There are 2 protein chains.
Amino acid sequence: MPTLLVIGTGLMGASFAMAARRANIFDVVLGCDRDARAAAAALEMGAVDEVVSDLGSGVARADAVLVAVPTGAIADLIRAVAAAQSVPRPIFDLGGVKAPILAALAANGGVPPQFVPCHPMAGSEAQGAAAASDDLFRGRTVIVTPHDGVDPAAAATVRAWWRRCGAEIVSTDAARHDAAVGLTSHLPHVVAFELMAQVGDDDALFPFAGPGFRDFTRIAGSDPALWRHVLLDNRAEVIAALDGLLERLERIRRLLADGDAVALEAALQAGRDARRRYLERDGG
Amino acid sequence: MPTLLVIGTGLMGASFAMAARRANIFDVVLGCDRDARAAAAALEMGAVDEVVSDLGSGVARADAVLVAVPTGAIADLIRAVAAAQSVPRPIFDLGGVKAPILAALAANGGVPPQFVPCHPMAGSEAQGAAAASDDLFRGRTVIVTPHDGVDPAAAATVRAWWRRCGAEIVSTDAARHDAAVGLTSHLPHVVAFELMAQVGDDDALFPFAGPGFRDFTRIAGSDPALWRHVLLDNRAEVIAALDGLLERLERIRRLLADGDAVALEAALQAGRDARRRYLERDGG
């Protein structure tokens with residue numbers, strides 16, 4: 001009876017549990033969450049079969065452990081899970097920042113070989129198991145960032161699970177991952193939160209917002225507590241990406257002030273061309 | 001046989017023609033476009049019944065004229081249409097910037113009383129009549145910016161047409177409109193184009209982009225030539241909105257550099273709170 005323990009039964013953890021169940025990867029899914037209501041919601045959704053309140057007893061029964069908690073809490077939990085395992089079994093996470101987790105583990109006892117760092121390019125601004133879906137990872141990319149000492153068998157097993165959940169795997173190192181998502185994910189979140197707040201300084205502006213605004217600011221509905229951790233954990237990369245954007249926006253400001261129509265249109269065209277290349281890669 | 005002439009048979013003009021037909025507002029829709037392929041596409045879509053190549057003969061047959069062309073070309077066309085009308089009939093537009101159009105008309109012969117400036121908070125990054133939809137304005141807001149000399153009957157008629165197409169009307173003055181959309185629409189377009197171009201400096205980053213990025217950058221698929229005009233026509237307001245965002249992003253940069261978790265989370269929370277208020281207003 002292959003058994004999965006999901007620690008953190010929010011949207012992401014519950015969605016993996018449901019996707020894995022649909023793919024018949026595990027017979028039993030145990031759920032553990034320090035918030036008893038979150039665990040109960042996952043049980044009610046059918047995402048987990050049983051709620052365990054004691055981490056150790058859950059780990060003892062599990063053939064694999066998914067650590068699906070906010071980035072700041074991941075390293076400590078991985079260390080605790082690895083210590084509780086009598087034999088090493090795959091441990092994987094969904095953290096949006098990878099190098100700080102590996103650094104925290106390396107600095108305190110080493111990175112467990114059975115830990116396979118993962119980050120699915122999937123999610124939702126919604127929260128909680130009630131919003132979970134067994135389809136969340138279908139057609140999405142999952143970034144896997146193996147560390148030097150990773151157990152190849154554990155890494156291969158975890159990759160295979162993701163594929164059976166419908167995801168495509170991209171492997172890279174943690175530093176490269178963090179720089180990339182600093183630009184593609186963390187920076188857009190910062191801008192969406194800030195632009196939404198700027199418009200929200202005068203709610204009478206809301207009728208002037210169309211569907212473009214609505215999509216642009218969707219991610220401003222994300223969890224501020226979770227995102228504060230992500231942004232601070234990856235702050236060097238977020239600042240680098242932000243500096244790049246600030247420089248670009250300052251340039252646009254000059255082109256507008258100068259009325260430089262040719263350079264302005266060329267800048268917009270570069271964005272549109274990139275968008276077309278991105279959509280071609282991403283399946284239109 | 002109430003007849004509408006649509007000048008500019010792209011996505012927006014064709015969509016209004018289709019929505020108006022579905023609402024039984026006009027019996028005949030004439031289309032006119034300086035790009036013969038665009039006019040032919042609208043005819044093929046069934047958006048227009050007949051293509052007219054001569055503006056004067058089209059205007060002579062029309063009970064109302066929709067000027068659905070890029071902002072830079074709107075004022076000249078309104079002047080030409082008004083001059084060609086033997087009796088005043090409603091003329092309305094869909095321009096994303098309003099004060100410069102009214103200023104251009106005022107400076108050269110005056111604003112025709114039958115001109116009712118409109119801007120629907122609807123659209124798509126797609127282009128051309130082939131992407132048009134009779135549903136584009138349903139549930140959307142249309143901003144109407146009546147000028148001092150507007151014919152009240154013309155304004156009432158045009159508002160009623162929009163309502164019959166499923167839209168909700170908000171009336172305001174042109175300056176207020178331009179300031180509002182500078183922030184809610186033009187600024188997000190600038191940021192989306194620029195962030196997309198920044199990521200596009202290295203296409204190998206595309207696999208690191210998830211659904212949040214995809215939605216955030218959707219409007220970077222918009223037409224650069226059209227948007228260059230909008231941004232320059234409204235540049236004072238776009239610059240003011242951009243300065244507000246730059247100041248906010250510089251502040252976030254400081255909070256990240258300082259590791260000020262409390263202030264950072266409060267900033268994100270302000271964005272999320274605004275997003276919630278916006279969605280409540282916008283129907284969830």
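Biologist: What makes strand 5 (residues 91-93) and strand 6 of chain B a pair?

Modeller: Strand 5 and strand 6 of chain B share two bridges in the parallel sense, and two strands pair if DSSP finds at least two bridges between them. Strands here are DSSP runs of E, at least two residues long, and helices are runs of H or I, at least four, numbered from the N terminus. B:Phe92 stands opposite B:Val116 in strand 6 of chain B. This is a predicted model, in which local features need pLDDT of at least 70 and side-chain atom pairs pLDDT 80 or more, while totals for chains, interfaces and linings use all residues. Residues are numbered from 1 along each chain as written, chains are lettered from A and ligands numbered from 1 in written order, and side-chain values use heavy atoms, without hydrogens and water.

Biologist: Why is the contact between B:Arg253 and A:Asp243 called a salt bridge?

Modeller: The rule asks for a side-chain nitrogen of Lys or Arg within 4 Å of a carboxyl oxygen of Asp or Glu. For B:Arg253 and A:Asp243 the N to O distance is 2.6 Å, so the pair meets the rule. The bridge crosses between chains, from helix 10 (residues 235-258) of chain B to helix 10 (residues 235-258) of chain A.

Biologist: Why is B:Arg253 called partly exposed?

Modeller: Buried means under 20% relative accessible area, exposed over 50%, and partly exposed in between (1.4 Å probe, protein chains only). B:Arg253 has 27%, so it counts as partly exposed. A:Asp243, at 29%, is also partly exposed.

Biologist: How many salt bridges does the rule give over all chains?

Modeller: The count comes to 34.
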